[in-house]
Amino acid sequence: MGHQRSRDRYAALAPCPARVGRWTALLTAVLLLSPTGCSSAVELPVVLLAEDFDDDDNGWGTGEGLRLEAGAYIVAPPPGQRVARAADVLIAQESTIDRSRTTMDFTATNAAFVGVECAYEASGGTSRWYLLRVGVDGSRIERQPFGQGADVTTLAEDRSVVLTDGPMSPQAPCLRSDEDYRLALAVNGRTVLEATDPEPFGSGAPGLVVQAAPASERGDGAEVRIDRFVVTGPDGTADGR
């Protein structure tokens with residue numbers, strides 16, 4: 001079933017100006033394998049968001065289970081629950097974002113998985129997205145179409161790359177063309193998954209997702225400390241700064 005991302009879990013996000021923080025110096029070439037196995041470089045030089053979490057000027061939202069603390073964004077859902085967030089500045093650009101690279105640094109406790117969403121769009125009470133996630137049961141790239149109760153498709157999976165209690169840094173390039181959507185997941189500098197969707201979704205805002213483990217498995221709720229969240233796009237992306 002679809003989920004919605006919002007400031008207070010239910011209200012729609014409103015646009016606000018972007019503020020580029022200290023993470024503007026970053027690698028902007030995304031390396032992916034082509035269908036023939038040859039490496040190709042995709043330049044994504046426009047910084048759409050470089051978040052240092054010193055404040056909430058970019059509109060992530062705070063409240064129950066969500067707080068800013070010492071330059072980090074803390075996401076702490078109750079056992080078994082999922083939280084999905086996107087910054088207002090990214091929501092404001094979602095109609096133009098169809099080629100992006102997201103980098104996130106985090107440390108997780110009692111989480112079932114942590115992931116990056118791309119191509120997220122809500123419509124008619126449901127939503128669709130790609131999810132590139134690393135969890136206690138392995139890493140996956142998933143496709144969720146519109147529709148209440150619509151089945152999630154696993155596009156790629158590696159059960160050997162799992163979520164740990166130490167610092168982790170996933171990177172998720174999501175690249176749309178007229179023919180397909182090419183997605184990849186790198187964890188701590190190593191590409192672990194690649195997938196191509198021949199029925200590509202449209203544009204949408206990148207975001208983050210945290211799924212807490214059930215209380216019976218891993219304690220009394222998850223806490224994920226996110227220290228960095230950077231999104232880059234190609235030249236010509238609206239409002240990139």
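Which loop does phenylalanine 53 lie in? I found phenylalanine 53 in the loop between β3 (46-51) and β4 (66-68).

**Ground rules.** I am working with a predicted model, in which local features need pLDDT of at least 70 and side-chain atom pairs count only at pLDDT 80 or more, while totals for chains, interfaces and linings use all residues. Residues are numbered from 1 along each chain as its sequence is written, and side-chain values use heavy atoms, with hydrogens and water left out. I take strands from DSSP runs (E, at least two residues), numbered from the N terminus.

**Positive phi.** I looked up phi for phenylalanine 53 and got a value near 60°, positive in a residue other than glycine. Is phenylalanine 53 buried or exposed? I note it as buried, because its relative accessible area is 1%. My cut-offs are under 20% relative accessible area for buried, over 50% for exposed, and partly exposed in between, with a 1.4 Å probe and protein chains only.

I then turned to asparagine 188, in the loop between β13 (181-187) and β14 (190-197). Its phi is near 55°, again a positive value in a residue other than glycine. Asparagine 188 counts as partly exposed because its relative accessibility is 49%.

**The open sheet.** I traced an open sheet of six strands in the order β6-β15-β8-β9-β10-β11, with antiparallel pairing. Its edge strands are β6 (82-85) and β11 (153-158), each of which pairs on one side only. I get an average twist of 20° from one strand to the next, with axes as lines fitted to C-alpha atoms and angles running from 0 to 180 degrees between N-to-C directions. I call two strands paired if DSSP finds at least two bridges between them.

**Strand β8 and its partners.** I counted seven bridges joining β8 to β15 (residues 205-212), and the two run antiparallel. Valine 114 stands opposite valine 210 in β15. Nine bridges join β8 (residues 111-123) to β9, also antiparallel. In that pairing I have alanine 122 opposite serine 127 in β9. β8 and β9 form a hairpin with two residues between them, and glycine 124 in the turn has a positive phi of about 60°.

**Strand β9.** How many residues of β9 are buried? I find ten of its ten residues buried, in a strand that spans residues 126-135. In a regular strand the side chains alternate between the two faces of the sheet. I see Thr126, Arg128, Tyr130, Leu132 and Val134 pointing one way, and Ser127, Trp129, Leu131, Arg133 and Gly135 the other way. On its β10 side, β9 is joined to β10 (residues 138-144) by seven bridges, and the strands run antiparallel. I note tyrosine 130 opposite arginine 143 in β10. β9 and β10 form a hairpin with two residues between them.

**The disulfide.** I searched for disulfides, meaning pairs of cysteine sulfur atoms within 2.5 Å, and the structure holds one. Cysteine 118 and cysteine 174 form it, their sulfur atoms 2.3 Å apart. The pair links distant parts of the chain, with cysteine 118 in β8 and cysteine 174 in β12 (residues 170-176), 56 residues apart. I have the S-S torsion of cysteine 118 and cysteine 174 at about -85°, so the disulfide is left-handed. Both cysteine 118 and cysteine 174 are buried.

Key. Helices (H or I, at least four residues) and strands (E, at least two) are DSSP runs, numbered from the N terminus.
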